[in-house]
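Hello,

Here is the structure I promised to pass on to you. Please have a look at it first, and then read on for my notes.

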Amino acid sequence: MTWRADVLTIFPSMFPGPLGDSLAGKAMEAGTWALQVTDIRDFGLGRHRSVDDTPFGGGAGMVMRPDVLDAAISSVADERPLIVLTPRGAPLTQKRVQQLAQGPGAILLCGRFEGIDQRVIEARQAEEISIGDYVLSGGEIAALVLLDAAIRLLPGVMGAADSAVEESFSSPLLEYPHYTRPAVWADRAVPETLTSGNHAAIAAWRLDAARQTTKIRRPDLYNQYIASGAQAP
Ligand code: ADE
């Protein structure tokens, strides 16, 4: 069955963008997933097809109107989850991406301006998601990120080997570093263990490297890893 993505945006030309290339593009051609883009402005009001207005309570910027957004949502809504991309959303996780990839698809509403009238988010029971602690100029690139992460998990999109790894994704550690030929480049040799042919030693080296990197870069993940019963090196 085709995984169906709907995107609601005032910049429809930003889609499919990078999702038309590479793995996602091939999967779209193969019918593994389908994208429908709706221009919110088609539901705008008045001669200027206005979609926003000034915030009640004052303050900078403009807010997207609930009536306009609700009409746009009505044109596509079904049983799929409705997601609003916003920096005030809950952080996107690999777990949530996996759940979405296992479902029928998603409807993604891209915010622009200062934000979206909260009433339409509540009335539609939309899920607010952020892709990280930084502010983009709108939800469109965040929607592309979410879709890319979900599409690569759809059946048949990646090679069988990769998908299997993905399914058993349970280690909270960052990946170990990778090396390929030449064995010596710019006076730098590949770590000796990796060229030893000793598979147990290679696995131990990689685990140690993953632990060290995670401890330094992501103490939050490292602490989870230790708390889950792994032994500190
Ligand atoms: N829109 C603007 N910034 C965003 C972010 N960090 N995540 C999701 N949507 C956004």
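Below is what I found in it, going from the overall form to single residues.

Please keep in mind that this is a predicted model. The protein is built from eight helices and 10 strands. Its C-alpha trace spans about 70 × 45 × 40 Å along the principal axes. The radius of gyration is 22 Å, whereas a compact globule of 233 residues would be near 17 Å. Of the contacts between residues at least 6 apart in sequence, 75% join residues at least 24 apart.

Next, the surface. The protein exposes about 13,900 Å², and 53% of that comes from carbon and sulfur atoms. Buried residues account for 34% of the 233 residues. As for charge, there are 21 positive and 27 negative side chains, and the centres of the two sets lie 3 Å apart.

Now to the inside. In soluble globular proteins, nonpolar side chains tend to be buried together. Here the largest nonpolar core has 27 residues, and those with the most contacts inside it are Trp-3, Trp-33, Ile-83, Leu-85, Leu-108, Leu-147 and Ile-151. Which elements give two or more residues to this core? They are strands S1 (3-9), S5 (82-91) and S6 (105-110), together with helices H1 (22-29), H3 (94-102) and H5 (140-151). H5 gives the most, with eight residues. A second, separate core has 18 residues, among them Leu-8, Val-51, Val-120 and Ala-126.

Leaving aside neighbours within four places in sequence, Ile-83 is in contact with Leu-100, Ala-106, Ile-107, Leu-108, Leu-109, Glu-127, Ile-129 and Leu-146.

Thr-9, in strand S1, is also worth a visit. Is Thr-9 buried or exposed? Its relative accessible area is 0%, so Thr-9 counts as buried. Again leaving aside neighbours within four places in sequence, Thr-9 is in contact with Phe-15, Val-37, Thr-38, Asp-39, Ile-40, Cys-110 and Glu-140.

Finally, some notes on the backbone. Most residues other than glycine have a negative phi, and most peptide bonds are trans.

- The peptide bond from Phe-15 to Pro-16 is cis, with omega near 0 degrees. Pro-16 sits in the loop between S1 and H1, and Phe-15 is one of the contacts of Thr-9.
- The peptide bond from Arg-181 to Pro-182 is cis, with omega near 5 degrees. Pro-182 belongs to the loop between helix H6 (160-167) and strand S9 (184-185).
- Arg-49 is not a glycine, yet it has a positive phi of about 45 degrees. You will find Arg-49 in the loop between strand S2 (33-39) and strand S3 (52-53). Its relative accessibility is 38%, so Arg-49 counts as partly exposed.
- Gln-125 also has a positive phi, near 50 degrees, in a residue other than glycine. This residue lies in the loop between helix H4 (118-123) and strand S8 (127-130). With 72% relative accessibility, Gln-125 counts as exposed.

I hope this helps you find your way around.

Best wishes

Terms used
Residues numbered from 1 in each chain as written. Predicted model: local features only at pLDDT ≥ 70, side-chain atom pairs only at ≥ 80, totals over all residues. Heavy atoms only, no water. Helix = DSSP H or I, 4+ residues; strand = E, 2+ residues; numbered from the N terminus. Rg over C-alpha atoms; globule rule 2.2 N^0.38 Å. Buried < 20%, exposed > 50% of the residue type's maximum accessible area, 1.4 Å probe, protein only. Contact = heavy atoms within 4.5 Å. Areas by Shrake-Rupley, 256 points an atom, 1.4 Å probe, with all protein chains shown as cover. Lys, Arg positive; Asp, Glu negative; His and termini not counted. Charge placed at Lys NZ, Arg CZ, Asp CG, Glu CD. Core = buried A, V, L, I, M, F, W, Y, C linked by side-chain atoms within 4.5 Å.
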